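Please look over the sequence and the coordinates together before reading on.

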Amino acid sequence: MPAEEQAGKSDQIVRLKLSEQVLDRLRSMIVDGELKPGDKVPSERALMERFGVGRPAVREALQSLQNQGLITITHGERSRVNEISPNTVLDRSDDVARLLLDSVPANLEHLKQARRMFELGVVRAAAEKATAKDIARLQTLLSEQKSHLPPAAEDRAFIEADMRFHTAIAEILGNPIIAAVSGAMLRLLLEYHVSLLHWSGKEDVTVDEHEGIIAALAANDPDKAADNMKMHLDRSQTLFAPKPSGV
């Protein structure tokens, strides 16, 4: 195809569907603050009159907003605008990430490597900022985790407490994006840990390692905190493996 013809095609104006135009307008209302978190979205009839479109275009646009996590549609009630945060954004990506891990098993190794690099950087920074209040929170979470040790044998509860412990370290930094990324990676790994191992038999070692991490954070010692976290993660890496086919 001649270059002139290719350029002509790339410059062609594509007419958006009515529902896409409504979607753009509604998103702008949310971004501009006309619709705030918790607000009710105008009724379908009000939107039809405001934008001069039919009901199908409005309904399709509202469904797209819900799929994007921007609103919640409840049968028999007016839709409401959701609060947008790093957590809500990353929550929406969980299903796609699981599909990626299931379809390409090598990506689990990539996730484990990314988590290791991420947590080593986080714990080093957290050690520089940790306060007595932060340490008290970590100790409370560790006590909760200990309550799920054998003979209680609550494997999933123990691992979920483990997740809260690691996420709490990320939260010390006061950066909601870092905390959300930490939670997202741990949620994905949780599925592979529980579905395969159920009970690893090393929970007492995990608790001891967490105590060492807390001690380094309490001492505001970045090097020791990173060393203790590295030892902990290097051991736990073997607890995660791809799902068997058909699981």
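Helices, taken as DSSP runs of H or I with at least four residues, and strands, taken as runs of E with at least two, are numbered from the N terminus. On that basis this predicted model has 12 helices and two strands in the protein chain, and their order along the sequence reads α-α-α-α-β-β-α-α-α-α-α-α-α-α. Among contacts with a separation of 6 or more, 73% join residues 24 or more positions apart, while 36% of the 247 residues of the protein chain count as buried.

The largest nonpolar core comprises 27 residues, and those with the most contacts inside it are Val123, Leu138, Ile169, Leu217 and Met229. At least two residues of this core come from each of helix H7 (106–129), helix H8 (132–146), helix H9 (155–171), helix H11 (203–218) and helix H12 (222–236). Leu217 itself, once its neighbours within four places in sequence are set aside, is in contact with Val123, Ala126, Ala127, Ala130, Ile135, Leu138, Ile169 and Ala225.

As for confidence, the protein chain averages a pLDDT of 83, with 77% of the residues scoring at least 70. The highest mean, 96, is found in H8, and the lowest, 56, in helix H1 (residues 3–10). Over residues 195–199 pLDDT stays under 50, although the model has 13 contacts beyond four places in sequence for them. Where pLDDT is low, predicted coordinates should not be read in detail.

Technical notes: Residues numbered from 1 in each chain as written. Predicted model: local features only at pLDDT ≥ 70, side-chain atom pairs only at ≥ 80, totals over all residues. Heavy atoms only, no water. Core = buried A, V, L, I, M, F, W, Y, C linked by side-chain atoms within 4.5 Å. Buried < 20%, exposed > 50% of the residue type's maximum accessible area, 1.4 Å probe, protein only. Contact = heavy atoms within 4.5 Å. pLDDT = per-residue confidence, 0-100.
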